[in-house]
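Trainee: I am new to this structure. Can we go through it in short steps?

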Amino acid sequence: GEGLGEELPSLAKEVAGVEAVRAYAEVASKLDNLIGDIEDAVSSTMNKNLRKDSSAQNSEETRMVAIKTLKVTEDLLTSVTKARPQWARLVSAVDHRVDRALAILRPLAIADHRALLTSFGWPPSLSNLTSSSLDARKSSEVPNPLFTMHGDLKRRYCENFFALCRLQELQRQRKSRQLEGHNREVALHQPLWAIEELVIPVSVACQRHFSKWIDKPEFIFALVYKITRDYVDSMDELLQPLVDEAMLTGYSCKEEWISAMVTSLSTYLAKEIFPIYIGQLEEESVTGIRSQARTSWLHLIDLMVSFDNRIKPLVEQSGILLSLLEDGTPRKISSLSVFCDRPDWLDMWAEIELDDAMEKLKPEIDEERNWTKKVHGADLSNSDDYKSPAVSSIAFTCLSSLIERCRLLPTVSLRSRFLRLTSTPVIKFFLDCLLLRCQEAEGLTALTDDDALIKVSNSVNAAHYSESILKEWCEDVFFLEMGLDQGEHPGESVAEYSGSEVPIEEYGNGIFHEEIVKFEDFRTQWVEKITMVILRGFDARCRDYIKNRRQWLEKSEEGWTVSQTLIGALDYLQAKMAVIEENLNRVDFAGIWRSLAAGVDKLIFNGILMSNVKFHEEGVERFGYDVEVVWGVFRAWCLRPEGFFPKVSESLKLLKMEKDQLEDSLKGGQKRMENGIRHLSVA
């Protein structure tokens, strides 16, 4: 009994080992048989193609047998990979033989497919197209071969198309198994092979025409759009059911057709058109002689944007989202995708767009009339409240056109890069112009005359208007995406273009966060300067009033309720405030009058009440009249102006307080007084 107990574990281990060998042998034998069947079917298909003496139907049947056997083999390999990962060498050996079979099977299927396309007249003839017929809604002259084929030819084409789709699905399944644990989705999504075979001969036929139209690129775009549009319906009606039957998930024939046509156009542009324009630009930079290269470049971009806008509805008609694939990579249904692989071309485009925008903007900024005329438009819901000069609307119209140019770029990072290279310099240039005008006004008169105040007020209004528009834009998803993209790639998007260190979290507020902050700082700086200038003028005019300490012990002059020496200062204050109110926006004006109220409160409190002045009862009454008149100046903008003069109003309350009431409030050694006195300490 003891001996048996010791031998059982080792016996069980040996039995398990024998079972594993048996299972391995069974699977290996089954896979070997399947591979043999596949190789026989592939060999048979190849021989029939070489001899050309067998019927097309037999060839298709043999190919389908091979594809079905490949499917069974792949299912078995998938189960082995999951259940027996230690059998990796067996799987690798089978994969090697399957790859050899597929290397023969796919080219044969494609060759048959191309022969079928030629037999029913694909690609359709382009020789009878004229420049006038390119814009026709439908091609009445050239029928669609996909719709005109019938009978045995149509059956054979559909079978071949279906076989190609099954092969591609099989290939996807194999890649999915082999790339387990890696970023599979990027590698798995390839263009639909059968649609590619439709596009390649069309593209070749088109390029014969393209070579004649190098100087007339609008014809190139018109031809590609016409072909894409004319044959897009047949993709959904005839071919999509075959793709669905092959269980090739995630594919739309209509979208694949459009994508392949646009990709062929982008490839031609990248190889033939852009190099010509770049050569012209380089020659221009060497010789210094201005040529038509920049104009040609901008015209080409106009055509690309227009083409993409026309293509977009073709895709959306089928209910497909244009923006993203399942794995999040952008679809290349845009001729502007040419910039995805050539960011240096994007930089060149941005430079040309910026130069063009600046050429248009500078004369408008130099036109003085644009600084005096106010904005009247729908850029903002309450644009009249900003009292902004027309030049700010002109600047942002220019900025909007740059933004519209990049909207169709296929990736967020490209759009962000383009905007950083174009919009940011335009905003900086406009802000520098505002600053220069304010500095000129300050340098000439130190902002003491009304014209200088009006000039600065206009610049502050323009800054407020600009800041508001940028904030409104940053709430749009289009800009929010770019702000988040900057947060994810701070090294590339922030440091490279902004030239400053900004906390990453701030870019969640939008791509223009830094520019918004600069406009805010500009407004704050010049609103404070306006306030200080008016306060200094008020201080200078009421200096005699403040220094006259004896007036509070004297009786008031007959017929006067306000100190004569204060009237001039109040007249100055009222006049300046009237100019500012008329010319400055409501938000910044509110900030100015509140700051002025606080400044006047501090001036009167420190200059009179804290300078050991003695008051007669009539002096208190006279001081009360003076303060009421000062408050009256500010009553136009608030109901209780005394609330904005806390120290003066509480001081007046103390002066009018009975002596015993005052003594009671000072008892007990408290730091704060009672009787509603909150802004003055006991001291």
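Trainee: Which residue forms a salt bridge with Asp539?
Mentor: A salt bridge needs a side-chain nitrogen of Lys or Arg within 4 Å of a carboxyl oxygen of Asp or Glu. The closest N and O atoms of this pair are 3.9 Å apart. The partner of Asp539 is Arg543.

Trainee: What should I know about the model and its numbering?
Mentor: This is a predicted model: local features need pLDDT of at least 70, side-chain atom pairs count only at pLDDT 80 or more, and totals for chains, interfaces and linings use all residues. Side-chain values use heavy atoms, with hydrogens and water left out, and residues are numbered along each chain as its sequence is written, starting from 1.

Trainee: Is Arg543 buried or partly exposed?
Mentor: Buried means under 20% relative accessible area, exposed means over 50%, and partly exposed lies in between (1.4 Å probe, protein chains only). Asp539 has 26% relative accessibility, so Asp539 is partly exposed. Arg543 has 40%, so Arg543 counts as partly exposed.

Trainee: How many salt bridges does the structure hold?
Mentor: Side chains of opposite charge can pair when their charged atoms come close. Here the total of such salt bridges is 40.

Trainee: How many residues apart are Glu39 and Arg97?
Mentor: These two form a salt bridge, with the closest N and O atoms 3.1 Å apart. Glu39 is in helix 1 and Arg97 in helix 3, so the pair links distant parts of the chain. Glu39 is partly exposed at 29%, and Arg97 is partly exposed at 25%.

Trainee: Lys254 and Asp236 meet in a salt bridge. Which of them is buried?
Mentor: Lys254 is in helix 9 (residues 253-287) and Asp236 in helix 8, 18 residues apart. Asp236 has 30% relative accessibility, so Asp236 counts as partly exposed. With a relative accessible area of 7%, the buried one is Lys254.

Trainee: How many helices and strands are there?
Mentor: Both are DSSP runs, numbered from the N terminus: helices are H or I with at least four residues, strands are E with at least two. The protein has 24 helices and zero strands.

Trainee: Now the rings. What kind of aromatic pair do Trp122 and Tyr231 form?
Mentor: Rings of Phe, Tyr and Trp (its six-membered ring) pair if their centres lie within 6.5 Å; planes under 30 degrees apart are stacked, over 60 edge-to-face, and the rest tilted. There are 32 aromatic pairs in the structure. In this one the centres are 5.5 Å apart and the planes at 75 degrees, so the pair is edge-to-face.

Trainee: Where does Tyr231 lie?
Mentor: Trp122 is in the loop between helix 3 (88-119) and helix 4 (145-148), 109 residues from Tyr231. Both residues are buried. Tyr231 lies in helix 8 (residues 217-245).

Trainee: What is the relative accessible area of Trp526?
Mentor: Trp526 and Phe522 form a tilted pair, 6.5 Å centre to centre with 45 degrees between the planes. Both lie in helix 18 (residues 513-541), four residues apart, about one turn of the helix. Phe522 is buried at 4%. Trp526 is buried too, and its value is 0%.

Trainee: Which ring lies under Arg310?
Mentor: A charge sits over a ring if NZ of Lys or CZ of Arg is within 6 Å of the ring centre and within 35 degrees of the ring normal. Arg541 lies over the face of Tyr572, at 4.0 Å from the ring centre. Arg310 is also 4.0 Å from a ring centre, and that ring belongs to Tyr225.

Trainee: Last one. How much of the protein counts as buried?
Mentor: The protein has 683 residues. The share that counts as buried is 47%.
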